[in-house]
Amino acid sequence: MKRKTQSNNTYHNQQPIENFDEDTNSPTAAAMEIQNDNQSVTAATTASNPTLASSSSTQCTITGRKSTSTVWEFATKSDDGKHATCKLCNYTCTSSNHSTSTIRHHLIQKHKKYHLLLNTKASSSSTNIRVSEHVKKELHNLCYNAIITDSRTFNDFRKEGMMTIFNRLMPGYTPPHRNQVSAQIKKLYHYHYKLLKQELEEVEQLALTFDFWSDRQANSFLCATGHWIDYEFHYISKIIDFSCFDERHTGINISNYLKAKLISLNIHDKVISITCDGAENMKVACRHLGDNIKRVWCCAHRLHLVITNALGFWFKEKSVDNENRSSSMTRSTTTTSTVISTQDDDLLNMNSSSSDDNIADVDMSDAADGSADSDNINEAEGAEGAEGDHSTSDQDDDESGDQHAIVDNWSNDVETDLNPIEELILIMNLLKKCRTIATIVKKSSVIAAFVRKEQLLLKTKKMIRIDCKTRWNSTFLLIEATIECKQVLMKLFSEKRSFNLRSEQANRLITDELNNDEWDFLSSLRFVLNPFYHATTLMSGKNYPSIGLAFHAIHKLKHFCSKDDTSFDLNRCDQDDDESGDQHAIVDNWSNDVETDLNPIEELILIMNLLKKCRTIATIVKKSSVIAAFVRKEQLLLKTKKMIRIDCKTRWNSTFLLIEATIECKQVLMKLFSEKRSFNLRSEQVNRLITVELNNDEWDFLSSLRFVLNPFYHATKLMSGKNYPSIGLAFHAIHKLKHFCSKDDTYEEKIKQMKKLLLAKLNYYFYDDLEQHEHLENHSYFDPAAHLTLTENEKQRNERYIKDLILNDVYPQQSSTSDGSKASSSSNAISTSSTKSSIQLPQSLSNNHTNPSTYDDFIAACGDDGNIIGESNKERSKRLSVNEELKYFKLAVQEFNLKNKPSTTTAMRFWNIHHTKLPLLSRLARIHLIACGTSVPSESAFSISAHTARKERSRLSSQNLCYSVFLKDKISKQR
């Protein structure tokens with residue numbers, strides 16, 4: 001096909017490439033994806049000016065003309081100079097008057113020779129390069145997928161740096177606008193939701209996990225994950241719902257909400273089990289969902305309670321009364337343990353503040369991840385890591401309140417222990433109320449939803465957020481937001497009985513209700529602080545000279561305070577309701593049952609004091625830049641990678657990691673303690689290091705504590721998978737832990753005592769709950785790993801259970817042909833291979849060169865070799881009855897365990913081999929193995945949502961967050 005050159009009269013004035021397709025959001029622009037005949041300015045000029053045309057050149061002399069255009073590296077010109085032919089594809093076009101525009105356009109569009117683009121910015125017109133509709137659609141889809149899978153901001157590809165890359169790689173292409181992304185994500189959600197619904201129609205039974213999570217704005221979300229095994233014994237795990245939950249978290253509300261979601265997916269009658277934590281509202285919700293649905297208490301949660309409550313990780317020393325406690329805090333200490341217990345009381349009791357516990361709903365201990373922000377939330381949607389340091393504040397350098405408070409020296413000289421005058425007492429009490437109100441609004445999803453609703457009606461945009469000690473203006477913003485939300489708070493106080501709150505919560509609201517005098521005083525306080533706030537803003541610029549403005553502002557403030565008005569000497573006070581502790585601690589129901597007020601025995605007192613020292617060391621390392629630099633330098637020399645990070649109450653293994661890192665950094669810490677005088681530290685810091693220095697006995701005890709906890713740590717990792725059946729591994733791990741704690745080895749007495757304490761809690765949380773233990777046992781029976789720990793009586797009990805299921809047709813098969821047809825496709829291959837040997841097993845213990853698995857680490861920590869002695873079995877060549885299947889199953893499991901160590905894949909591999917020979921049991925295995933041993937699948941979804949809804953993405957709506965988390969799970973599984 002030949003394309004003619006346009007004349008001067010018909011030459012198009014076209015916009016520059018970088019301005020092309022400005023309005024790609026409009027349907028008209030999206031439809032105008034065509035390839036135009038482009039003419040360069042040079043070609044148009046030469047067409048009208050023969051003199052200029054005579055200066056054009058080619059690679060060779062043609063009709064007396066010499067040309068140097070790079071176009072002719074890829075094309076040849078005819079002898080008469082009227083046609084050009086592409087060397088790459090033999091395409092021929094006209095080149096009248098030696099024009100190169102048409103062939104240039106062809107090379108750019110068809111062969112991607114973008115270096116042939118002309119620089120037309122200085123011209124009166126420019127080349128308009130448009131990408132085809134097909135290419136644009138493909139690139140748009142890639143952008144949508146990248147935004148979802150990488151949790152990018154919706155306008156990420158429209159930013160300057162990304163646009164520069166796109167203009168270089170694909171000139172003429174403009175990535176989708178954030179409004180386009182938002183609309184497309186909604187469409188993708190409905191599309192994948194429909195696909196999920198169709199996929200679930202083919203599922204016979206499935207198991208669920210569910211849990212709650214709250215974002216920074218106290219929006220509550222419910223996540224439900226579904227798990228099933230297909231006919232080829234592939235384990236499938238997917239998020240089936242991630243949505244906002246604005247109602248109060250009562251068991252009935254949760255049950256009704258879940259039931260509606262399950263009915264909409266047509267799977268309510270297919271659910272056989274739900275794994276969740278042990279909160280009371282979760283128990284009530286599971287009971288109301290139906291009698292045929294079993295509730296499985298998350299084994300990781302129970303193991304967390306076993307360890308924290310057995311070894312007193314978060315015990316507090318009891319005090320007679322507040323006065324005695326206060327006096328003990330200021331009394332000179334004579335022993336190291338006393339110093340630690342008093343000096344770091346606030347540090348070590350993070351996440352367990354009585355004020356926070358009183359205001360939380362039963363379920364709202366899974367409140368937002370971290371505290372409220374003191375600064376105005378950044379409107380831009382940037383990027384930030386999902387994890388951060390597990391760090392808190394100490395008494396001297398307390399960083400209370402704001403999760404993202406700036407860590408610097410600004411709080412060092414803040415006075416907290418003065419004898420205030422009457423006005424300061426009023427300010428202290430008033431600020432305590434404001435902070436408590438901010439915490440209540442943040443912690444309770446019911447109250448937070450009410451406040452947001454009323455703010456929308458009143459068009460009030462300021463959010464009530466807790467302040468922090470390091471920036472005084474965060475206190476001003478708290479005061480200002482409280483006053484601006486006065487009508488909302490007054491309505492909240494007046495209607496508090498209508499929210500169906502617990503009596504403690506209602507009483508808390510009564511206690512913190514502001515009277516008219518307090519509202520007036522709060523307004524006066526804002527009036528006085530207002531000039532200081534604007535002065536701070538004025539002198540805090542970085543793009544203009546600020547020293548003169550600062551000098552002027554200070555004099556103006558002096559004049560303001562010198563006027564004959566009411567003035568205040570404001571000294572910032574400590575807050576009662578700050579959210580000290582781990583900045584990024586996972587906030588959920590896992591801390592509800594952690595015991596803190598017991599009378600500990602001698603070993604527990606040792607553990608308490610030792611952990612207080614470790615936590616204080618972690619805080620010192622984080623707070624002091626000098627010490628932190630020293631520790632990093634020494635770690636590099638010793639090639640020690642573990643970082644000493646503060647632990648949190650909601651995950652016990654964070655305490656284990658703190659202990660492990662402290663031991664691994666022993667040489668570094670010993671050198672730090674010995675050279676503390678050489679760092680030019682303040683006397684308080686030096687004394688603090690002296691206080692927390694560990695002696696030899698404490699180092700030995702810390703090593704013993706790590707030894708005892710090591711099997712529990714690896715067991716937690718083993719049972720915390722989401723892409724494989726975990727209930728059998730959890731059951732096996734719990735039995736191995738019981739055996740480990742029961743062994744009467746020749747260890748030192750302290751280790752024996754710790755094992756004894758752990759064994760008592762293991763029995764209490766796992767074996768004394770007969771219903772939960774029976775569920776675990778029944779579902780675990782189909783995992784070969786569980787047979788390593790099941791006794792003969794337990795196996796016989798499970799065989800009776802299986803016979804009852806089959807004979808009573810408890811799980812009737814929905815389709816008589818679906819199972820057989822899908823299974824028969826692979827039966828020939830399996831039967832052919834099985835006739836050649838006893839039972840073909842693809843993976844054996846003979847491979848000693850592989851890296852240790854998670855199970856290997858667990859067995860090594862327990863001190864066992866993991867070997868099992870069993871009998872071999874001869875394969876049968878016909879379909880078997882129930883009794884014969886059970887006999888075959890037991891022998892097959894024995895032979896399988898002889899040749900295979902338990903791992904995350906053994907259960908599926910076993911049934912892939914034997915499901916055709918065990919048609920009845922294999923169907924029950926598909927039903928029972930889908931029950932999850934832990935609620936980790938839901939927890940992992942919250943890790944994604946926390947990163948997606950990070951602080952810099954404050955504009956992300958709750959609905960778009962739900963869409964993003966749901967779609968990331970689906971799109972990532974397609975790759």
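A residue is called buried when its relative accessible area is under 20%, exposed when it is over 50%, and partly exposed in between, using a 1.4 Å probe and protein chains only. The model is predicted, so local features need pLDDT of at least 70 and side-chain atom pairs count only at pLDDT 80 or more, while totals for chains, interfaces and linings use all residues. Residues are numbered from 1 along each chain as its sequence is written, and side-chain values use heavy atoms, with hydrogens and water left out.

**Two lysines in loops**

- Helices (H or I, at least four residues) and strands (E, at least two) are DSSP runs, numbered from the N terminus.
- K639 sits in the loop between α23 (625-638) and α24 (652-664), and its relative accessible area of 75% makes this lysine exposed.
- The phi angle of K639 is near 55 degrees, which is a positive value in a residue other than glycine.
- K112 lies in the loop between α4 (101-111) and α5 (133-149), and counts as partly exposed because its relative accessibility is 44%.
- For K112, phi is near 60 degrees, again a positive value in a residue other than glycine.

**A sheet and the helix on it**

- Strands of a sheet pair through backbone hydrogen bonds, either parallel or antiparallel.
- Here two strands pair if DSSP finds at least two bridges between them.
- An open sheet of 5 strands runs in the order β8-β7-β6-β9-β10, with mixed pairing.
- At the edges are β8 (235-244) and β10 (294-297), each of which pairs on one side only.
- On average, neighbouring strands of this sheet are turned by 25 degrees against each other, direction ignored.
- Strands β6 (residues 206-214) and β7 (residues 220-229) run antiparallel and are joined by 8 bridges.
- Which residue in β7 is the bridge partner of T209? The partner is T225.
- Helix α38 (residues 936-948) packs on the sheet and touches β6, β7 and β8; its direction makes about 40 degrees with that of β6.
- Contact means heavy atoms within 4.5 Å.

**A pair of helices**

- Two packed helices are described by the angle between their axes and the distance between the axes.
- Axes are lines fitted to C-alpha atoms, for helices over the stretch in contact, and angles run from 0 to 180 degrees between N-to-C directions.
- The axes of α27 (residues 696-718) and α28 (residues 727-742) come within 9 Å and cross at roughly 175 degrees.
- These two helices, α27 and α28, are therefore roughly antiparallel to each other (angles under 35 degrees count as roughly parallel, over 145 as roughly antiparallel, 65 to 115 as roughly perpendicular and the rest as oblique).
- Residues making the contact include F707, F712 and L718 of α27, together with L729, L737 and F740 of α28.

**Cysteines**

- How many disulfides does the structure hold? There are 0 disulfides, where a disulfide is a pair of cysteine sulfur atoms within 2.5 Å.
- C286 is in no disulfide, and the nearest cysteine sulfur, that of C276, is 3.9 Å away.
- With a relative accessible area of 3%, C286 is buried, whereas C561 is partly exposed at 35% relative accessibility.

**A leucine in a helix**

- L478 belongs to helix α17 (residues 472-484) and is buried, with a relative accessible area of 0%.
- Leaving aside neighbours within four places in sequence, L478 is in contact with C434, R435, A438, I464, R465 and D467.
- L478 and I464 are 14 residues apart along the chain, with their C-alpha atoms separated by 5.9 Å.
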